[in-house]
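Hi everyone, thanks for coming.

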Amino acid sequence: MKLNELASALLITHIHGEVNTEITGIEADSRKVKPGDLFLCVPGLTVDGHDYAPRAIELGAAALVTERVLDVSVPQLVVKDARYAMAALSAHFYGYASKEMKVIGVTGTNGKTTTTYLIERILSDQGFKTGLMGNIHIKIGSDYEENKVTNTQEALELQRIFRKMADVQTDYCIMEVSSHGLDMGRVKGVQFRTGIFTNLTQDHLDYHKTMDAYQAAKGLLFSRLGNGFSAVDAERQYAVLNADDPASEAYSKLTAAQVITYGIDSECDVRATDIRITAQGTEFRLVSFAGEALFRMKLVGKFNVYNALGAIASTLAEGVPLEQIRNSLERVAVVDGRMEVVSEGQDFLVLVDYAHTPDGLDNALSTIREFAEGNVYTVFGCGGDRDRRKRPLMGEVTAKYSDYLYVTSDNPRTEKPEAILEDIVPGIVGAGFPSDKYELIADRRLAIQKAIEGAGPKDVVLIAGKGHETYQDIMGVKHDFDDRLVAKAAIRGRIG
Ligand SMILES: CC(=O)N[C@H]1[C@@H](OP(=O)(O)OP(=O)(O)OC[C@H]2O[C@@H](n3ccc(=O)[nH]c3=O)[C@H](O)[C@@H]2O)O[C@H](CO)[C@@H](O)[C@@H]1O[C@H](C)C(=O)N[C@@H](C)C(=O)N[C@H](CCC(=O)O)C(=O)O
Ligand SMILES: Nc1ncnc2c1ncn2[C@@H]1O[C@H](COP(=O)(O)OP(=O)(O)OP(=O)(O)O)[C@@H](O)[C@H]1O
Ligand SMILES: N[C@H](CCC[C@H](N)C(=O)O)C(=O)O
Ligand SMILES: [Mg+2]
């Protein structure tokens, strides 16, 4: 594509240099530039992409996108806002691929991965071709790719993925939409069919600073939906909101999409009643605008009833019959790394779960308390270079529900592991937890071993925070680490 053809995606811009320069790719990271690429100079929070222009040109960049004219040899497309330009130019370059499928986006503090996974199962069981973007992996047709970021891709990568999905005739893309992704404009230009809101509780205050700002970032998904009412079903847009979460009221005001509410405690369009939770699963009666049905799911915990409700509401909107939604959900055995049972035949229960927020831990542990017959041992930590204010709160929640605590590392990244552990302690102490029942063990393998060695018959060991992750990030290096494998080895060591 020629540079001036690409530039037509933006109204206010000018080209400094040869307008007919051929562009064969787009890149925003100098380390990945290939000959013929357009290199986007993005001012970031840590460095300024303009400083990497010379390196990109050395690697063969054919042109640049800049916010100011640089003294360099290649043509420049000068724009007002490089991040906005990244979204607009990438969408143009990849042919507005998200418009070739229905995109269902899920936002919220917890439950995004689980909800996307459930929707994908329901729709693929209906014979639709599905794509999935979330932190377990990215699914394009029948191929799976690793997700190198935890959640929502940068606009450029996102549009590249949509193109690949469109090329294999994907009907539905179901994706997690993080608050960072919304706030940084990564999903600008993505045409969503449906936005789903799971819940809003504390996380990411390192980035958003206040809960109001965090709530507003998630609101961007809903404020962009629905303003072009249409008689054509495929063009309609839906906002699926959790009626039991106070933020939903604000989101329903922000959106012009048709609102479908779901919940347990409040009056709503898709509601679960008569809920029964056991260690083996969850039962509930579904009362909805499309009829009633009894659901028996293998997924445990009340929070998974909420995730199921979001999935049910959004697929009912797609016209999937309630009975068939139920059949699909009843077949889901486990979502990778979420309340996943680790069994080597031992006489106590070991669960690996991805809870990494105060509310996530509250949900996971309160569920465990509903069925635990013995003591509850919790192994957990808090991520480095992430919200520090959630650390004592996570200590407090784990103390509330556990008999023994093993506080350990969970991706310390560039922080000192011991310092993170110290940030957690005030929450444990403040909750009045006995000092002889918790230990700080920075080595996660050791912490898991100790918890498993301590457990007796009928006890429950919860290993929280890493779920499906297969690494421990220490100073930017990802070391192999899988809670499930480490727990299995520890159990074998104990019983073998
Ligand atoms: C806070 C945040 O999200 N930051 C993201 C942002 O960083 P930034 O704006 O500071 O960029 P920067 O590192 O200063 O770099 C500026 C520009 O220079 C370029 N550069 C940089 C170095 C170089 O050698 N060459 C080069 O060209 C970069 O590619 C970039 O275009 O843009 C970068 C490039 O795309 C991302 O890597 C980076 O994600 C960081 C690594 C991150 O950890 N993000 C997390 C917090 C995140 O986004 N998490 C959410 C999940 C949240 C949830 O649980 O809901 C997610 O969606 O993944
Ligand atoms: N609806 C929910 N409400 C509260 N907690 C939940 C809910 N669903 C899951 N959880 C808890 O949060 C953990 C993470 O769930 P999940 O991976 O689905 O969330 P996520 O929103 O995708 O997280 P991330 O922001 O890391 O992508 C689970 O392991 C579980 O402990
Ligand atoms: N999406 C979350 C994942 C956290 C997972 C946990 N294992 C950690 O590293 O803190 C984040 O990026 O904050
Ligand atoms: Mg997720």
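Predicted model: local features only at pLDDT ≥ 70, side-chain atom pairs only at ≥ 80, totals over all residues.

Let's begin with the overall layout. The protein is divided into three parts: domain 1 covers 3–93, domain 2 covers 97–331, and domain 3 covers 340–495. How far apart are the C-alpha centres of domain 1 and domain 2? They lie 34 Å apart. The two domains do touch: 9 residues of domain 1 are in contact with 8 residues of domain 2. On the domain 1 side, helix α3, residues 82–93, gives the most, with 7 residues. That side of domain 1 is made up of 7 nonpolar residues, 1 polar and 1 charged.

Now to the annotated positions. In an unreviewed entry, UniProt has a "binding site" feature at Gly108, Thr109, Asn110, Gly111, Lys112, Thr113 and Thr114. Let me pick out two of these. Asn110 sits in the loop between β6 (102–107) and α4 (112–125), and Gly111 lies in the loop between β6 and α4 as well. Are they buried or exposed? Asn110 has 25 other C-beta atoms within 10 Å, so Asn110 is buried. For Gly111 the count is 26, and Gly111 is buried too. If we skip residues up to four places away in sequence, Asn110 touches Thr198, Asn199, Thr357, Asp359 and Gly360. With neighbours left out in that way, the contacts of Gly111 are Thr198, Asn199, Phe303, Tyr306 and Asn307.

Let's visit two of them. Ser178 is in the loop between β10 (172–176) and α6 (179–183), while Arg186 is in the loop between α6 and β11 (192–197). Ser178 counts as buried, with 25 C-beta neighbours inside 10 Å. Arg186 also counts as buried, with 25 such neighbours. Beyond four places in sequence, Ser178 touches Asn151 and Thr152. Arg186, treated likewise, is in contact with Thr152, Gln153, Glu154, Ala155, Leu158 and Gly181.

Next, please look at ligand 3. Which residues are around it? They are Thr150, Asn151, His356, Gly383, Arg386, Asp410, Asn411, Gly465, Lys466 and Glu469. This shell holds no nonpolar residues, 6 polar and 4 charged.

My last stop is helix α14, residues 417–430, which has a kink of about 25 degrees at Ile424, shortly before the proline Pro426. In this helix, Pro417, Ile420, Leu421, Ile424, Gly427 and Ile428 are buried. Why would positions spaced like that point the same way? An α-helix has 3.6 residues a turn, so residues three or four places apart point the same way. Among the elements covering the buried residues of α14 are α13 (390–401), β20 (404–407) and β21 (438–440). Just after the helix, Gly432 takes a positive phi of about 75 degrees.

Conventions
Residues numbered from 1 in each chain as written. Chains lettered and ligands numbered in written order. Helix = DSSP H or I, 4+ residues; strand = E, 2+ residues; numbered from the N terminus. Buried ≥ 20, exposed ≤ 12 C-beta atoms within 10 Å, placed from the backbone. Contact = placed C-beta atoms within 7 Å. Near = placed C-beta within 6 Å. Nonpolar A, V, L, I, M, F, W, Y, C, P; charged D, E, K, R; others polar. UniProt positions renumbered as here; feature names shortened; annotations may be inferred. Bend = angle between axes of the 7 residues up to and from the residue. Domains from an automatic or database assignment.
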